[in-house]
2 protein chains.
Amino acid sequence: MLTERQLLILKAIIDDYVCHAEPVGSRSVSKRDDMNFSPATIRNEMADLEELGFLEKPHSSAGRIPSQKGYRYFVDHMLSPAALSKNEVSDIRLMYEQRFLEFEKIIQQSAKILSSLTSYTSIVLGPEIFESRLHQIQLVPISKDNAVAIIVTDTGHVENQAVSIPEGLDIGEIEKIVNILNERLRGVPLIHLRHKLTTEIRNVLAKYIDHHEQAIELLNSAFKDSHNEKVYYAGKTNILSQPEFNDVNRVRELLNTLEEDALVSRLFRSEEQGVRIRIGEENQFAPFDDCSVITATYSMDGKHLGTVGILGPTRMEYQRVVGLLDFFSKDLTNLLKQRYQKSD
Amino acid sequence: MLTERQLLILKAIIDDYVCHAEPVGSRSVSKRDDMNFSPATIRNEMADLEELGFLEKPHSSAGRIPSQKGYRYFVDHMLSPAALSKNEVSDIRLMYEQRFLEFEKIIQQSAKILSSLTSYTSIVLGPEIFESRLHQIQLVPISKDNAVAIIVTDTGHVENQAVSIPEGLDIGEIEKIVNILNERLRGVPLIHLRHKLTTEIRNVLAKYIDHHEQAIELLNSAFKDSHNEKVYYAGKTNILSQPEFNDVNRVRELLNTLEEDALVSRLFRSEEQGVRIRIGEENQFAPFDDCSVITATYSMDGKHLGTVGILGPTRMEYQRVVGLLDFFSKDLTNLLKQRYQKSD
DNA sequence: TGTTAGCACTCCCGGTTAACGAGTGCTAAA
DNA sequence: TTTAGCACTCGTTAACCGGGAGTGCTAACA
């Protein structure tokens, strides 16, 4: 275990490095108010901390910087999430209050607020669309051959998908089909739609619809768009201001990664309740080796819905970000409850 | 006017510079197959071309690079759009044929193809949403207080907007309202919806609906979302591979700009038929001073719909890009005609 | 025994210098 | 009119150097 003094020094170094992005030397540590030891003493401790793997030296005559293990220790044992200031809280509330927002807009807005408060990149995963339930389905014919299938979920989310109308189905039949679907499928989670379609609905359609096989085909393509959850970004370029991303090649790699929604969503998705911190290589993904990812989940009815997260350099203001995400995760959960749960 | 030989040399320099991104000297120009003059002769001509403003020197003992005026001259007088190779054409066709695509997907796909073929950044502006006409409108209540307004256009585009239901309106009335709207407003350009609402529709509603003022309020907010045209990007980070964007600050500035859809749309929108080239400062926008923007329009029923464009360094393969965009602009117009026009 | 002052050493950084090479402009000859 | 020759310019690179920040070690001190 680390001694009291070692903790103090480790914390001081992390603090300083997070703030100034430069190796910190014994002299500057010893000058801190809460530090009553000479540089020489500090140096001894720093050597020990380095031996233990919590610090490293960029080169032999530079100061020390925290290692990944150092950050990890700090985060695990010494982190007290920063409480938000009153101003921050009211700022956030204000941004949500602006007007009635649909589910998606709330999520999007959250991403914006987060990135503007942290000046890191924020990434918010929307709910697995399949988790939500069918509220209403519409089939709007556009021409003789084409139509748009519109699915509205219980959260007010709207999905639409162009479909072609198979030979033989006429407008009247389509209307009948839609009525049947709305009767039978309201409240069904989107993820079960296709299954229901090939069982229960197939039978019902067979009874009432002439060209039921064509109808099934149509509906199949209407339901097929397996939209994963949406990924909302804000402050994508914030991270370029960090001195560790001064190299265009690295930047390109990182930004390319961020364009791949599926990848990002896989990396960010977190099923655990609460705040989760992944530091550097813990992300198991080379382009993020110098980044830390902090995520928190939000939920509704106690069911996990999505994830809010921050992507920054490993040299990140952990306490602040953790505090913020914690707040957001709870606030978002509350907000959603307030807005949507009462409609059940 | 420039002599035959000057043209030849200017073209050679542009070719070389576009390809290698380095100032080109008299020696390398004279070595070209079609160049039967000594370096000294070339040097004289180059000095003349510089005096005329078509070339410039980064410093006194470097080779020459084309000036903006040089590119402009090249583009205006010497550009023969490169015809696409058979392979390219069939590649493109293939990508469109994959499956039935709704309007938006086609546009999006086009952006992808363009960027992958050019390795520049491609930007495609969707149709001014207001230009398209209302096909159908739906109001789907989600809870007692909230609903989703869904607008389907004649191109199969779907817009949706969360609205709150004013006190006093009940489900029955909402249904009546929707019916009235669909009867009266089908075929009306979206841009005229709000006007119609406050004139014709207001009167009709006043006649048939009890809480018609609340209804107007509801519809107003349903129509308010003044969605400009959508902007689709592809290959956003391609431009980072260009050596002229080796500076992170410049990159940040550029990428920040690209996040501002409204700005980009204003800069790219082109009303003129055909291909349009803006070189460097011709863009009238500082972050694009080292960029060229080439755009072409696509249309339907002879009516201008949107713009396809390429953003690259001023040192761009003009002939190839112009050829491509020309092809795209026509192909897209055809495709849209084939898919949507017959439904009229 | 823990702490600290002192000191030699290491290594980065910024500035200077020198050699080099690519390219030019000019002059004079073909 | 073209071209060979040559002096000159200027950016690039490598080598070098001194200063400074920081370290590790040692020895003295409380």
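Visitor: How many nonpolar, polar and charged residues does the surface near DNA strand C have?

Guide: This is a predicted model, in which local features need pLDDT of at least 70, side-chain atom pairs count only at pLDDT 80 or more, and totals for chains, interfaces and linings use all residues. Residues are numbered from 1 along each chain as its sequence is written, chains are lettered from A in the order in which they are written, and side-chain values use heavy atoms, leaving out hydrogens and water. A residue is near the strand if one of its heavy atoms lies within 4 Å of it, and Gly counts as polar while Asp, Glu, Lys and Arg count as charged. By class, the surface has four nonpolar, 11 polar and five charged residues.

Visitor: Which helix gives the most to the surface near DNA strand C?

Guide: Helices here are DSSP runs (H or I, at least four residues), numbered from the N terminus. Helix H3 (39-51) of chain A and helix H3 (39-51) of chain B each supply at least two residues. The one that gives the most, with four residues, is H3(A).

Visitor: Which residue has a polar side-chain atom 2.5 Å from a phosphate oxygen of DNA strand C?

Guide: Let's look at some polar contacts, pairs of N or O atoms within 3.5 Å. A:Ser38 uses a polar backbone atom, 3.1 Å from a phosphate oxygen, while B:Lys57 has a polar side-chain atom 3.2 Å from one. The residue with the 2.5 Å side-chain distance is A:Thr41.

Definitions and conventions
Polar contact = N/O pair within 3.5 Å; in protein donor to acceptor, adjacent residues only side chain to side chain.
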